[in-house]
Amino acid sequence: MLLNITTTHYPATDLGYLLHKHPDRFQSVDLSVGKVHIFYPECTEEKATVSILLDIDSVDMVKKAKVKGNEGFALGHYVNDRPYVVSSLMSVALSKAFSSAMNGKCKDKPELIDQKLPIEVEIPTLPAPAGGETLIRNLFEPLGYDVEVKRHRLDEKFKEWGDSKYYSVVLKNMVTVKDLLSHLYVLIPALDNDKHYFVSEDEVEKLLKRGEGWLHAHPKKDNITRRYLLNLKSLTREAFSRINEEEGILENEDQAVNTELKKKKETLHQKRLNLVVEKLLETSAARILDLGCGEGKLIKLLMKHKQFSEIHGMDVSYRELIKAKQNLHFDELAPRMQEKLNLFQGSLTYRDQRLAGFDAAAVVEVIEHMDLNRLKAFERVLFEFAKPNVVVLTTPNKEYNTMFEGMSDDAMRHDDHRFEWTREEFKNWVEKIAENYAYSFEIFPIGDEEVNVGAPSQMVVFKNGN
């Protein structure tokens, strides 16, 4: 795991003073799961580069891990990308190796502390599984960074496999070293959203300390805060409250605005879920599969109806499945209700025998999170191999985006959306599915319709013609 920081400030050797690391020495710092090595592959008065190399012991990392929740995939502890990508481990390494620099201390040249330097950061492998290039740019560009992004393929020899979740990133900016390290410390784990340690109240303090002076003004501060704290509600609420206090926002005004926005969002989402349930109840379906079930909101509604004798939820994120189990109060359910419910981890783009034999499947606001080059694989998995009798699928209506104030023409509703379809594009895709896999279909609007742009979301109900 490697990260390079380069400056062309003159004299570039000042970088050594700011980082408190002598260019002529190879230095190492112990971490709980390995070592971080700091060295200068180049250091002249014209240009200096410092490299931060993490040597991670993946077996030791598993033995010392405090994070719970992956018991369902024991091998995943050992077979993972953590030793090879820039992640939360790098944030810990930066704070250990450059603690004085991050705290704005420079004994020998204190005048450099607040001086902005031309900086270039090279990150060979950065994971961004939920948001990709758009998220990377949204996090760094508002801070003045010129961002270069290149996505890695899964395998250069097999290009048909498509792209991976990993990116090479180059960041360029005129920035103080203190601010640079703070930005990297917060934003790297916010991108990956997969911390290697238990997230507690201490993380709120770290976020506020390292985000001081820039986080409150960042247009994506809410998203950064949620992702940094792994969407843990109690911690994000505390962080939001503290950030708002720093901004001088009156708590009652802030709560009123947040309540109104949340109400609008929940109203549309609730309409969507209610309509999905309504369409499933109109069929004779008893065994239901919720694909991309997330936190289990749809499942919670489905469990209220006796018609549905079995409800199975699948999601690619094990963390979401844990949340779903908690939200559904699974451990407190009566035995017969527990038998009715099954949650499991899986991918929508790989053939899976567990998906076969269902009366109906729900795919609610899921496909827009896929890369378009993976959509064909999803189609075959669901309509050719799993082949449920009924499929209820929803996705945003791109045309409606003009109704959202301040939203640019090329923007999407969520950082993790890879595409959004107009009503015509959606209809064309639906017709192709119906023709290729022998399904009939009906399309429905979701939410209040507006002239010329339609409703916020769109739904299709497929029925197997065989």
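In the predicted model, the largest nonpolar core comprises 68 residues, of which L3, I52, L54, M90, I136 and F140 touch the most other members. The main contributor to this core is helix α6, spanning residues 177–192, which supplies ten residues. In general, nonpolar side chains of soluble globular proteins tend to be buried together. Leaving aside residues up to four places away in sequence, L54 is in contact with M1, L31, K35, V36, L89, M90 and A93.

Seven strands form an open sheet in the order β2-β3-β4-β1-β5-β7-β6, and the pairing is antiparallel. The edge positions are taken by β2 (27–31) and β6 (146–153); each has a single partner strand, so one side of each lacks a neighbour in the sheet. With direction ignored, neighbouring strands of this sheet are turned against each other by 15 degrees on average. Within the sheet, β5 (residues 117–127) pairs with β7 (residues 163–175) in the antiparallel sense over nine bridges. In this pairing, P118 lies opposite M174 of β7. Helix α5, residues 132–140, packs on the sheet and touches β5, β6 and β7. The direction of α5 makes about 160 degrees with that of β6.

The cysteines were also examined. With a disulfide taken as a pair of cysteine sulfur atoms within 2.5 Å, the count is zero. C106 has a relative accessible area of 4% and is therefore buried, whereas C43, at 29% relative accessibility, counts as partly exposed. The cut-offs behind these assignments are under 20% for buried and over 50% for exposed.

Terms used:
Residues numbered from 1 in each chain as written. Predicted model: local features only at pLDDT ≥ 70, side-chain atom pairs only at ≥ 80, totals over all residues. Heavy atoms only, no water. Buried < 20%, exposed > 50% of the residue type's maximum accessible area, 1.4 Å probe, protein only. Core = buried A, V, L, I, M, F, W, Y, C linked by side-chain atoms within 4.5 Å. Helix = DSSP H or I, 4+ residues; strand = E, 2+ residues; numbered from the N terminus. Contact = heavy atoms within 4.5 Å. Pairing = 2+ DSSP bridges. Axes fitted to C-alpha atoms, helices over the stretch in contact; angles between N-to-C directions.
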